[in-house]
Amino acid sequence: KNITCFFFFCDILNMDKIGDVKMKEKIKEFAKQYLIGFVLGVITAISISVIAATYFPSGDVTYDNTESGLESTNVQGAIDELYGVCFPPSAGDQIIEDNGLKKDPYECRYFFTGANPNNYITFNDEKAGWRIISVECDGTIKIIKDTYAFSSVWNNSLNSDWKTSFLNTYLNNTYYNSLSNKAQSQIVIHNFSIGAVKINNEDLGSQINEENSQKYSTKLGTATLSEFIRANSNMTGCGSDYLLFYNGIKNGCKETNWMDEDWYWWSITANDSYSSGYAVIFYPYANIINYPVNYVPLEVKPAAYLSSEIQITGGTGTESNPYTFG
């Protein structure tokens, strides 16, 4: 009868003698009810955990449950969210949920596509001055300036290595320092794809792999060749640089790509179809071409990745009512 229990009732139930039999029966009944309640409580807690883990899966999400005073874990984070003590989703999650971005078939990314999607943002105190290229699966948001920021050569010498290029240095020093303090705080150092590609290649997937073959971690860059292509909603007629170069006007690629401009501007993508010293440029009618990196200055549209921690504080993404971030 020396049973180990967590409740003092166990000792009472195992008593050999008790003066009041009725009292003993009452205590037994109370103990049974207490134990039944305890078991039901355990079952309920387990059920809540299972439901939370089912409806709030968090395999790739770390919930911030600091408000509950608990360490951040998947299960506890899910329970915290169930009870409403979690912070709201990141801006990237909010944008995906609100606007239904097109999921990319090649990478874990979501792209804005078409002639004029609702991807305008207020950034660096410029209302609707920037636009969202993509929402990344790490929660960051890649943005690009909607208008040209300045003109520049890609490099001072006939060398197409982005890491040592003049444009990379200028963007991440002089231009970055010109941004507001708030804008700088929202930008994160992130990998940019800077691998050189072979152009006039009908296989977009191969080009994406070539771009991703080399990464460079920095604050500012610009768009890649494949990002420009994937901004087009007409992938059948405009879904490769080959189609853009030979049939861009015929297929109306200008009318279905919001990144198209009426002048020439630099991509971040070098071209390895020729000898070193060429990069890809975008030009009117959603077209692309090789260009010597040190020939003459062309327009530049800076791009950056915004932190996964920021939240949408207003706006709907239209040009007249752009997203604002907190």
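Count the salt bridges in this predicted model and you get 13, taking a salt bridge as a side-chain nitrogen of Lys or Arg within 4 Å of a carboxyl oxygen of Asp or Glu. Residues are numbered from 1 along each chain as its sequence is written. Local features need pLDDT of at least 70, side-chain atom pairs count only at pLDDT 80 or more, totals for chains, interfaces and linings use all residues, and side-chain values use heavy atoms, with hydrogens and water left out.

Let's start at Arg109, which pairs with Glu136 at 2.9 Å, N to O. Glu136 sits in strand E4 (residues 126-136) and Arg109 in strand E2 (residues 109-111), so this bridge ties together parts 27 residues apart in sequence. Helices (H or I, at least four residues) and strands (E, at least two) are DSSP runs, numbered from the N terminus. Glu136 is buried at 10% relative accessibility, and Arg109 is buried at 7%; buried means under 20% relative accessible area, exposed over 50%, and partly exposed in between (1.4 Å probe, protein chains only).

Arg109 also bridges to Glu227, with the closest N and O atoms 2.7 Å apart.

Now over to Glu126 and Lys145, whose side chains meet at 2.4 Å, N to O. Glu126 is in strand E4 and Lys145 in strand E5 (residues 141-145), so the pair joins parts 19 residues apart in sequence. Glu126 is partly exposed at 22%, whereas Lys145 is buried at 8%.
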